[in-house]
Amino acid sequence: MRRCIQGLYEADSSATSQVRDGLFLVRVERTQHRWDARKPFYLLRFAILEPKELSGHSITGRLYCTPRALWKLNWFLRDFGYDAELLGRDEIDDKNLVGLWGVVKVSHVVLNGTSLLNLDGFAPASQWEALSSASSASAAHPEVKR
């Protein structure tokens with residue numbers, strides 16, 4: 001019996017290694033809240049819009065919902081333009097997350113032999129041009145410290 005499993009090819013580890021550390025203009029493709037007694041989190045799948053050479057790829061990361069990590073979830077929601085009224089009522093509607101877009105800074109870390117993607121920072125989509133040009137300038141001149 002044959003089965004079609006959406007996203008199976010994209011789960012290839014060699015495909016994820018094509019996405020380097022850095023800044024990306026992304027759109028939220030899918031969200032899923034995962035409940036865990038110790039560390040509940042949102043699993044987010046982003047479609048990369050910029051840089052163009054990575055357009056069409058996607059990245060997946062976690063944002064934890066523990067009291068100590070709520071600042072980062074709030075940062076993501078604010079910068080990606082989540083509904084301020086819902087945010088003010090401490091509500092997250094998964095349907096309202098899909099389609100939001102903004103800038104995300106990612107890095108990779110290896111922990112116990114497993115490569116993990118960190119969501120290090122966020123910015124509104126309107127800042128993409130300034131951030132991407134500053135990022136490419138610092139990559140071209142690594143001796144310049146910020």
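Which helix gives the most to the lining of the second largest pocket? I started my notebook there, keeping in mind that this is a predicted model.

**Entry 1, the pocket.** I looked up the second largest pocket and found a volume of about 200 Å³. Helix H2, residues 70–79, gives the most to its lining, with four residues. I noted the lining residues as Cys65, Leu70, Leu73, Asn74, Leu77, Leu87, Asp90, Glu91 and Ile92. Sorted by class, I have six nonpolar, one polar and two charged residues there.

Next I asked which residues of H2 are buried. My list reads Leu73, Phe76, Leu77 and Asp79. I then checked what the buried residues of H2 pack against: strands S1 (22–34), S2 (41–50), S3 (58–64) and S5 (114–124), plus helices H3 (84–88) and H4 (94–97). After H2 comes glycine 81, and I wrote down its positive phi, near 80°.

I turned to the strands and found five of them in an open, antiparallel sheet, ordered S3-S2-S1-S4-S5. S3 and S5 are the edge strands, each pairing on one side only. On average, neighbouring strands here are turned by 45° against each other, direction ignored. H2 packs on this sheet, where I see it touching S1, S2, S3 and S5, and its direction makes about 50° with that of S5.

Last, I followed S1 and S2, which pair in the antiparallel sense over nine bridges. For threonine 31, I found the bridge partner in S2 to be leucine 44.

Note on methods:
Residues numbered from 1 in each chain as written. Predicted model: local features only at pLDDT ≥ 70, side-chain atom pairs only at ≥ 80, totals over all residues. Heavy atoms only, no water. 1 Å grid on protein atoms, 1.4 Å probe; cavity = no way out; pocket = protein on both sides within 12 Å on 5 of 7 lines; lining within 4 Å. Points joined across faces, edges and corners; volume = space filled by probe spheres on them. Helix = DSSP H or I, 4+ residues; strand = E, 2+ residues; numbered from the N terminus. Nonpolar A, V, L, I, M, F, W, Y, C, P; charged D, E, K, R; others polar. Buried < 20%, exposed > 50% of the residue type's maximum accessible area, 1.4 Å probe, protein only. Contact = heavy atoms within 4.5 Å. Pairing = 2+ DSSP bridges. Axes fitted to C-alpha atoms, helices over the stretch in contact; angles between N-to-C directions.
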